[in-house]
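Hi,

Here is the structure I said I would pass on. Have a look at it first, and my notes on the pockets follow below.

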Amino acid sequence: MFSPADRRRRIGRVSDSGPEEVALAVRTAFAAASGWEQTPVAERAACLERTADLLEADMGRLIALCCREGGKTIADGIAEVREAADFCRYYAARARELFAEPIELPGPTGERNRLSLHGRGVFACISPWNFPVAIFCGQIAAALAAGNAVVAKPAEQTPLTAVQVVELCHRAGIPGNVLQLVLGDGPSVGMPLVADPRIGGVAFTGGLDTARAINRALAERPGPIVPLIAETGGQNAMMLDSSALPEQAVADILASSFQSAGQRCSALRVLYVQEDVAPRLLEMLAGAMAELRIGDPWDLSTDVGPIIDEAARERLAEHCARMEREGRLIYRCDLPPGAEHGCFFPPQVFEIDDIGRIGGEVFGPVLHVIRYPAEHLDMVIEAINATGYGLTFGIQSRIGRTVEHVTSRMRAGNLYVNRNMIGAVVGVQPFGGEGLSGTGPKAGGPHYLLRFATERALSVNTAAAGGNAALIDLAAEQDGSASQSPSDRRKAARL
């Protein structure tokens with residue numbers, strides 16, 4: 001394997017899993033699933049909390065892997081490890097709340113009713129390269145917290161990071177047979193994994209086309225219908241009206257569009273600017289882009305690192321060539337000397353006339369700008385909703401009525417007002433989209449673990465065993481009270 005920042009730099013060697021190894025991993029996890037599900041919730045949660053501690057203790061190594069293998073800057077690597085630890089601790093806490101004790105439900109006298117949550121068996125966790133620690137670890141932690149065994153398949157671009165994370169999980173006490181790792185690409189490893197009838201659910205983060213292929217594969221399987229928890233991408237938009245603070249807005253646009261080289265599913269792709277303020281704002285944006293430092297992500301001064309691989313770079317180049325024909329180039333950053341040795345792609349901004357010209361998600365540091373007159377606000381909302389995506393949306397405005405009007409009509413999973421659109425925090429900003437952007441429930445949110453579990457209701461006829469003991473105790477108390485003298489009852493009442 002070679003670094004995307006310098007394709008001459010070898011960073012490791014990897015052997016992909018063959019069909020026999022994939023089948024063995026599923027078989028091993030399937031055999032271990034029942035024992036893990038019966039492990040007390042407190043023990044499962046403690047394993048995740050120890051994993052969080054080990055992630056933080058090994059932060060230096062993980063950041064280095066994120067930089068060398070995934071092309072992430074050091075700042076992004078720090079945030080990633082922290083998010084992975086947050087996932088572990090948050091899901092551990094939620095598991096204690098949801099899985100430790102059954103919920104007592106109401107019922108008639110002589111009957112006891114309880115509802116309990118249980119693991120589904122074996123979950124396949126398929127994660128992307130752009131968050132090789134956080135999303136990879138978050139999926140695994142959620143499935144394990146809910147009582148499932150896991151077969152994890154990381155992206156083929158970031159296997160070394162995945163190996164390190166799994167080793168830490170095992171050191172934290174998660175049994176090796178409960179958490180299995182397979183390596184390789186989607187067609188040769190991912191799809192056979194999903195197609196195995198012993199897989200009880202799939203957690204997937206990645207492209208929409210792959211999510212659809214997984215969904216079809218699950219539908220064609222014999223046996224039970226199993227859940228697919230999919231978080232795909234977005235054609236994320238931000239609206240900016242004439243009341244917005246331009247200095248604040250430019251900083252938010254810059255971070256939302258170009259941090260992580262635009263390789264976040266939450267990144268800003270389309271900026272709608274009210275035409276009254278567009279000339280000044282675009283001039284400020286171009287000036288701010290001129291200050292961006294592009295280069296080796298291991299350098300602390302770097303703002304924008306490389307694209308993940310050459311195939312991704314070529315797709316971006318083809319898109320931008322079309323945008324030059326169909327739109328207007330506003331600004332393009334210069335690449336530094338030596339960039340030809342890595343998969344670097346310059347951040348750039350195009351002005352276009354319609355969101356439909358983009359043609360889907362563009363995964364990289366490319367921003368599209370559309371001007372709009374104030375009276376066309378509702379038309380802008382309709383155009384964004386009509387894309388079918390619904391992941392993130394931002395609005396920059398100091399008019400409360402406008403903010404309420406827009407956010408109440410926008411169909412997006414995460415909406416941000418007067419701030420950037422990236423960096424959702426576990427337990428604070430649960431993350432996930434709707435429509436073409438995912439199935440839900442939201443990662444890092446209070447409902448996420450429920451999708452990894454199955455519910456079982458227990459109803460007991462207590463009358464068959466002599467009646468309701470609580471009622472008998474109550475009758476005894478009433479009889480004892482009746483046998484007291486009036487003066488004793490008055491003294492008891494005063495006490």
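Keep in mind that this is a predicted model. I started with the largest pocket, which holds about 1,100 Å³ of space. Its lining is made up of 40 residues, and if you want to find the centre, go to Trp129, Gly206, Gly207, Thr210 and Arg315, which lie nearest to it.

So where does the largest pocket sit relative to the domains? Domain 1 (19–232 + 443–454) and domain 2 (237–417) both contribute to its lining, so the pocket lies between them. In terms of elements, at least two lining residues come from each of α7 (186–195), β8 (199–205), α8 (208–220) and α11 (310–326). The largest share belongs to α11, with five residues. By class, the lining splits into 19 nonpolar, 13 polar and eight charged residues.

Then there is the second largest pocket, with about 640 Å³ of space. It has 45 lining residues, and those nearest its centre are Glu83, Phe87, Ile135, Ala424 and Phe431. Two or more residues of this lining come from each of α4 (74–99), α5 (134–145), β8 and β9 (228–231). Here α4 gives the largest share, 10 residues.

Both domains turn up again: domain 1 and domain 2 each supply at least three residues to the lining of the second largest pocket. Its make-up by class is 24 nonpolar, 13 polar and eight charged residues.

Cheers

Conventions: Residues are numbered from 1 along each chain as its sequence is written. This is a predicted model: local features need pLDDT of at least 70, side-chain atom pairs count only at pLDDT 80 or more; totals for chains, interfaces and linings use all residues. Side-chain values use heavy atoms; hydrogens and water are left out. On a 1 Å grid over the protein atoms alone, a cavity is a set of points where a 1.4 Å probe fits but cannot get out, and a pocket is an open set with protein on both sides within 12 Å along at least five of seven lines; lining residues have an atom within 4 Å of a point. Grid points are joined across faces, edges and corners, and a volume is the space filled by probe spheres set on the points. Helices (H or I, at least four residues) and strands (E, at least two) are DSSP runs, numbered from the N terminus. Ala, Val, Leu, Ile, Met, Phe, Trp, Tyr, Cys and Pro count as nonpolar, Asp, Glu, Lys and Arg as charged, and the others, Gly among them, as polar. Domain bounds come from an automatic or database domain assignment.
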